[in-house]
Structure formats: structure tokens, C-alpha cells
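Here is a briefing on one protein chain. Look over the sequence and the model, then work through the points below.

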Amino acid sequence: MKRRSRFVAAITNCILIVIIAVVSTVCFLPKTESVVGVKDEVYYKGASADGVSLMFNVYWGTKEVYAILDVLDEYEAKATFFIGGSWADDNVECLKEIASRGHEIGSHGYFHRDHNKLDYSANYQEIKTSIDFIEKASGISATLFAPPSGAYNDDTVKAARELGLKTVMWSKDTIDWRDKDASVCFTRATKNIAGGDLVLMHPMAHTLEALPSVLKDYRDKGLKTVTVSENIM
């Protein structure tokens with residue numbers, strides 16, 4: 001009985017020693033560097049006195065993208081298209097068309113991942129894969145990154161910065177992906193609109209329907225529709 005007790009005690013002590021060793025190792029591992037003040041690097045609004053920017057996040061809607069380009073041409077407006085790499089991989093010609101019409105192309109990641117849940121390495125790889133493909137397919141070197149679903153953390157901003165990209169959010173969200181109503185889209189894109197606003201949209205049928213009225217409203221208010229880069233300079 002005593003031998004069994006000693007054996008159990010010995011095993012227990014060994015387990016405790018292993019646990020202490022593991023905990024000690026983890027505690028002394030180098031921690032990921034935190035980026036101080038990264039929120040100051042994220043653009044929620046531009047600085048233009050009379051320019052507003054339409055931002056189209058593209059992971060679907062190829063047919064609508066072509067039609068949106070025609071409407072933008074009609075109103076002599078420029079927009080910024082944040083491109084999902086996986087979409088671009090299947091729609092290279094459409095991507096080239098956006099570039100050929102003189103619009104700005106930014107990154108929207110490659111697989112529409114939740115960047116808030118990614119560490120630095122995963123953020124870096126996801127963004128880099130997207131901008132590498134965009135450049136290879138269109139010849140455009142992206143300088144802007146819009147996190148999918150607006151989800152980001154310090155590592156996201158740091159990774160984008162290291163890749164030469166500015167992280168961009170929005171000041172007005174049409175939420176057109178959820179509320180499929182042209183009149184609602186118009187109201188959200190135009191209510192209290194002012195110079196510097198960044199207006200988020202997606203290539204949807206009802207967004208396309210609202211777009212001419214949105215652009216006319218901006219023009220009637222003396223506002224120009226410019227790219228995000230021009231707006232945040």
C-alpha cells in the first residue's frame with residue numbers, strides 16, 4: 001500500500017513539474033508587439049471641402065459593376081473599388097475595365113476573412129495575396145485597404161502599413177447588402193452629405209438603380225465625386 005502511495009505521489013509530482021515547465025515557458029515567450037495609436041491611422045472620413053467618395057466593396061455583382069461604370073462615366077464621377085481577390089481571380093476582365101475607366105482600385109482582402117481575428121502574419125498574408133493578384137492582373141499597385149465587414153485590429157493596420165497601404169473605413173454606410181431598397185440606399189447615401197464623406201456601397205441591383213439620383217444629388221449640392229485617395233490627401 002505504501003509502495004502504491006509512493007508511486008502515485010511520484011507520478012503526481014512529475015505531472016506538476018511538467019505543468020510548471022510549460023507555464024514558465026509560455027510566460028517567457030516574446031509577446032506580439034502592440035501598435036500604439038493605430039486608430040489614428042484608420043481613415044473614417046476624408047479632408048476634402050467639396051469632394052465625396054463612393055466606395056464599392058466588390059466580392060460579387062460583376063454585371064452590376066459594368067453598369068455602375070457606365071453611370072459613373074455619364075456623371076463624370078470617379079469612385080474607388082475595393083476588390084476582393086477571390087472575385088478578381090474569376091473576373092480579370094472586369095477588374096481591367098475598372099482600371100481602364102480611370103477609377104481607383106484598393107484591396108478588400110482575398111477571401112473576405114474576419115481580420116479582427118487574425119494575427120499579424122495572417123493579416124499580412126491575406127492582404128499581400130490580394131494586392132499581388134490585383135497588380136498582376138491589372139497593373140495597378142493598390143495603396144488602400146478596406147477591411148471586410150469593417151473588422152480590424154492593431155495587427156491589421158500594422159500589416160497594411162508595412163505593405164504600403166492606408167486602412168480605410170467609412171463615414172456613411174448605405175447597408176445596401178442587407179436592405180435591398182433603392183430609396184433607402186439613396187437616403188443613406190445623401191442625407192446630411194458633406195465634403196470629406198466616404199460612402200460605402202456594393203454592386204447590387206437596387207444600388208445601381210439609386211446611383212444616378214445619388215450622383216445628381218451630389219452635383220446639385222455642389223459636391224464632386226472623387227476617389228478616396230484624393231479625398232483623404
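**Briefing**

Ser149 is exposed, with 62% relative accessible area; buried means under 20% relative accessible area, exposed over 50%, and partly exposed in between, with a 1.4 Å probe and protein chains only. The model is predicted: local features need pLDDT of at least 70, side-chain atom pairs count only at pLDDT 80 or more, and totals for chains, interfaces and linings use all residues. Residues are numbered from 1 along each chain as its sequence is written, and side-chain values use heavy atoms, with hydrogens and water left out.

- Most residues other than glycine have a negative phi.
- Ser149 has a positive phi, near 60°.
- Ser149 sits in the loop between strand E5 (144-145) and helix H6 (154-162). Helices (H or I, at least four residues) and strands (E, at least two) are DSSP runs, numbered from the N terminus.
- His112 is not a glycine either, yet its phi is positive, at about 55°.
- The loop between E4 and helix H5 (120-138) holds His112.
- His112 counts as partly exposed because its relative accessibility is 36%.

**The largest pocket**

- The largest pocket holds about 240 Å³ of space.
- It is lined by 14 residues, and the closest to its centre are Asn57, His112, Ser149, Trp177 and His202.
- Pockets are found on a 1 Å grid over the protein atoms alone. A pocket is an open set of points with protein on both sides within 12 Å along at least five of seven lines, whereas a cavity is a set where a 1.4 Å probe fits but cannot get out. Lining residues have an atom within 4 Å of a point.
- Grid points are joined across faces, edges and corners, and the volume is the space filled by probe spheres set on the points.
- The lining of the largest pocket has seven nonpolar, six polar and one charged residues. Ala, Val, Leu, Ile, Met, Phe, Trp, Tyr, Cys and Pro count as nonpolar, Asp, Glu, Lys and Arg as charged, and the others, Gly among them, as polar.

- E2 and E3 run parallel and are joined by four bridges. Two strands pair if DSSP finds at least two bridges between them.
- Met55 has Thr80 in E3 as its bridge partner.
- E3 and E4 also run parallel, again with four bridges.
- Phe82 has Gly106 in E4 as its bridge partner.
- In a regular strand the side chains alternate between the two faces of the sheet.
- E3 is covered on both faces: Thr80 and Phe82 on one side, Phe81 and Ile83 on the other, are all buried.
- Strand E4 (residues 104-107) is also covered on both faces, with Glu104 and Gly106 buried on one side and Ile105 and Ser107 buried on the other.

**Aromatic rings**

- There are three aromatic pairs. Rings of Phe, Tyr and Trp (its six-membered ring) pair if their centres lie within 6.5 Å; planes under 30 degrees apart count as stacked, over 60 as edge-to-face and the rest as tilted.
- Phe56 and Phe81 are stacked, at 5.1 Å centre to centre with 20° between the planes.
- This pair links distant parts of the chain: Phe56 is in strand E2 (residues 51-58) and Phe81 is in strand E3 (residues 80-83), 25 residues apart.
- Phe56 and Phe81 are both buried.
- Tyr110 and Phe111 pair edge-to-face, at 4.7 Å centre to centre with 75° between the planes.
- Which of these two is buried and which exposed? Tyr110 is buried because its relative accessibility is 10%. Phe111 is exposed because its value is 56%.
- Lys158 lies over the face of Tyr120, 5.1 Å from the ring centre. A charge sits over a ring if NZ of Lys or CZ of Arg is within 6 Å of the ring centre and within 35 degrees of the ring normal.

**Contacts across the sequence**

- Leu54, in strand E2, is buried with a relative accessible area of 0%.
- Leu54 and His202 are 148 residues apart in sequence, but 9.8 Å apart in space, C-alpha to C-alpha.
- Glu135 lies in helix H5 and is partly exposed, at 40% relative accessibility.
- Glu135 and Ile105 are 30 residues apart in sequence and 9.9 Å apart in space, C-alpha to C-alpha.
- Lys180 is in the loop between strand E7 (172-173) and helix H7 (182-190), and is exposed at 56% relative accessibility.
- Lys180 and His206 are 26 residues apart in sequence and 6.1 Å apart in space, C-alpha to C-alpha.
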